[in-house]
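Welcome! Please take a moment to look over the sequence and the model before reading on.

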Amino acid sequence: MQAVMGGGGFRINSPCPRSTASSGSALGGTPAQQEGPRTAAPRSSMPQYKLTYFNLRGRAEISRYLFAYSGKKYEDHRIEAADWPKIKPTIPFGKLPILEVDGVIIHQSLAMARYLAREAGLAGQTPVEQALADAIVDTIDDFMTLFPWAEKNQDVRKKAFDDILTNKAPELLKDLDTFLGDKKWLVGNSVTWADFYWDVCSTTLLSCKPDLADKYPRLLALRERVQALPAIAAWIQKRPKSVM
């Protein structure tokens, strides 16, 4: 999930300890009801978008989902690890991803995604729905930051991952399942970026522990609904293969 940067160098850690990682993400299930992209409000001229990140899903994938769903054209600029030390000083706050909108640089992955969600009509249909979607995204993100993505010692890393996935993940999944209930989507009556973020993050989690959500079929069904959206399905099929 994380590209580790620091000390002028760069390292990509596999999303899970070597002994527990598995490859790929299951699409699984038969798509039920599908939705197409919503039509954004017309503009006099469309902005120019450039998304810069490493050749990973990682923290840029939520923005790529939003671009795919909205149908907006953008430059998916993926830099090589070897080039990071010379590029880093030119990046605001020295971290990726960044999103350029007509040359204006936005940093912080969730700020970027929230902007794109609003532009695409996926932030929530009312102020309350927008707050709820934000809350779900932040809740999932809080959990994802518990993992020691930068840990080099594989034994320490595996122990920490196992502990989080065994002892902390069930509480998150239980709360998300309760929040979802029998609804089709997490917030409101239509898909939001909160549903997308669940799919993006759960893909990484399930690559670490494939049976993690087996007790929560409603959450797995939500993944299937997101991945069955035509624009998202097309993106998953064509996106570059990467370790995370």
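Here is a short tour, from confidence to sheet, core, helix and loop.

This is a predicted model in which local features need pLDDT of at least 70, side-chain atom pairs count only at pLDDT 80 or more, and totals for chains, interfaces and linings use all residues. Residues are numbered from 1 along each chain as its sequence is written, and side-chain values use heavy atoms, with hydrogens and water left out.

**Confidence**

- The mean pLDDT of the protein (the predictor's confidence in each residue, from 0 to 100) is 87, and 83% of its residues reach 70 or more.
- Residues 4-11 have a pLDDT below 50, and this stretch has 20 contacts (heavy atoms within 4.5 Å) in the model beyond near neighbours in sequence.
- Residues 20-34 also have a pLDDT below 50, with 26 contacts in the model beyond near neighbours in sequence.

**The sheet**

- Helices (H or I, at least four residues) and strands (E, at least two) are DSSP runs, numbered from the N terminus.
- Four strands make an open sheet in the order S4-S3-S5-S6, with mixed pairing; two strands pair if DSSP finds at least two bridges between them.
- Strand S4 (75-79) and strand S6 (104-107) are the edge strands, each pairing on one side only.
- From one strand to the next, the twist averages 20°, where axes are lines fitted to C-alpha atoms, for helices over the stretch in contact, and angles run from 0 to 180 degrees between N-to-C directions.
- Helix H1 (residues 61-70) packs on the sheet, where H1 touches strand S3 (49-54), S4 and S5, and its direction makes about 145° with that of S3.
- S3 and S5 pair in the antiparallel sense over four bridges, and Lys-50 stands opposite Glu-100 in S5.
- Strand S5 (residues 98-101) and S6 are also paired in the antiparallel sense, over four bridges.
- Val-101 stands opposite Val-104 in S6, while Ile-98 has His-107 in S6 as its bridge partner.
- S5 and S6 form a hairpin with two residues between them, and Asp-102 in the turn has a positive phi of about 50°.

**The nonpolar core**

- A nonpolar core is a set of buried Ala, Val, Leu, Ile, Met, Phe, Trp, Tyr and Cys residues joined through side-chain atoms within 4.5 Å; buried means under 20% relative accessible area, exposed over 50%, partly exposed in between (1.4 Å probe, protein chains only).
- The largest such core has 69 residues, and Leu-66, Trp-193 and Phe-196 have the most contacts inside it.
- Helix H6 (residues 193-208) gives the most to this core, with ten residues.
- Not counting residues up to four places away in sequence, Leu-66 touches Ala-113, Leu-116, Ala-117, Leu-122, Trp-193 and Phe-196.

**Helix H4**

- The buried residues of H4 (residues 127-144) include Glu-129, Ala-133, Ile-136 and Phe-143.
- These buried residues of H4 pack against helix H3 (109-120), helix H5 (154-180) and H6.

**A loop residue**

- Ala-213 sits in the loop between H6 and helix H7 (217-228), and Ala-213 is buried, with a relative accessible area of 2%.
- Leaving aside neighbours within four places in sequence, Ala-213 is in contact with Leu-173, Leu-206 and Leu-220.
- Ala-213 and Pro-170 are 43 residues apart in sequence and 8.3 Å apart in space, C-alpha to C-alpha.

Note on methods:
Expected span 1.5 Å × (residues − 1).
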